[in-house]
Amino acid sequence: METTSSNVPRQFRTAVVPAAGLGTRFLPTTKAVPKELLPVVDTPGIELVAEEAAQAGADRMVLVTAPGKESVAAYFAEERELESLLARRGKFDLLERLRNAPKLLDVDTVVQQRPLGLGHAVLQAESTLAADESAFVVLLPDDLVLPSGVLETMARVRRRYGGSVLCAIDVPRESVSAYGVFDAVPAFGADPDVLRVNGMVEKPIAADAPSTLAAAGRYLLDRAVFDALRAIEPGAGGELQLTDAIAALIDQGHPVHVVVHRGRRHDIGNPMGLLHASVDLALRREEYADTFRSWLHSRLDSPML
């Protein structure tokens, strides 16, 4: 197995990114522009996800797309003519930003012909993995997890316990019905934010939720999940649910742990979440922060027009 720079065996090489959604919450824009290419400040969400995967050690990304969404993968291709134009005009800052996405990871694509659920999308990527890849990560591009680093923590947990490792955020109890929720207990001798998962409940009512820990769109999955996905029955709408496959793994005694992320998570798959994320990132960016913060204060203090 390949190793990281610290000579510790690397836990994954491939990041699978399901990007087949229609983006209906952003219509009419998504008639022409895939939601994954909508900018958070000035950078498409899909590039932010790719950066997160690359920083955690992935060297390739498999985009699971739908027919007609070829532009998502095309975003990661080099644009030599535009690069030459920017260089001739001395716009080297823009040139560096333009070159960022193509150099992050090798990008492959598979096409999900029909929207049959997240589990089905993940299953499409199985054939792209090398025979020696025992695990891979799944990053949902609608979920922006800040600050980055949770994938590295998840890799350390897998190195210790094996199996699969998921990411969770703590949400208000009145909000649990919008999420997959974990039934989890502290892992023996571990950090209090590392828990062993006994089960998952998809979108429970608040009174029945086993906890307030909700899935946050980051999964480090053992390759055994593919067999589980083939074995489970489709649910409503004929969809294969990834949570059902993970529940099947738990029932089989497969170790599953969760890392509780104490930072921020934005759902950039809807307009309000994208707005929140853009404000958050703008306030973190040196070139925007002071001016934008000043404008926000003055705007909030002024009467609405």
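Leu139 touches Ala15, Val16, Val17, Pro18, Val49, Glu52, Ala53, Leu151, Gly217 and Arg218, leaving out residues up to four places away in sequence; touching, or contact, means heavy atoms within 4.5 Å. The model is predicted, so local features need pLDDT of at least 70 and side-chain atom pairs count only at pLDDT 80 or more, while totals for chains, interfaces and linings use all residues. Residues are numbered from 1 along each chain as its sequence is written, and side-chain values use heavy atoms, with hydrogens and water left out.

**Nonpolar cores**

- The largest nonpolar core has 40 residues, and Leu139, Met154 and Leu220 have the most contacts inside it.
- Such a core is a set of buried Ala, Val, Leu, Ile, Met, Phe, Trp, Tyr and Cys residues joined through side-chain atoms within 4.5 Å; buried means under 20% relative accessible area, exposed over 50%, and partly exposed in between (1.4 Å probe, protein chains only).
- Among the elements that give two or more residues to this core are β1 (14-19), α1 (45-55), β6 (135-139) and β11 (213-222); helices (H or I, at least four residues) and strands (E, at least two) are DSSP runs, numbered from the N terminus.
- Helix α6 gives the most to this core, with five residues.
- A second, separate core of 37 residues includes Val138, Ala215, Val256 and Val258.

**Salt bridges**

- The whole structure has 22 salt bridges, each one a side-chain nitrogen of Lys or Arg within 4 Å of a carboxyl oxygen of Asp or Glu.
- Arg218 and Glu52 form one of them, at 2.9 Å from N to O.
- Because Arg218 lies in strand β11 and Glu52 in helix α1, this pair ties together parts 166 residues apart in sequence.
- Both Arg218 and Glu52 are buried.
- Lys69 and Glu36 also meet in a salt bridge (2.9 Å, N to O); Lys69 is buried at 7% relative accessibility, and Glu36 is buried at 4%.
- Arg293 pairs with Asp290, with the closest N and O atoms 3.8 Å apart; Arg293 is partly exposed at 35%, whereas Asp290 is exposed at 60%.
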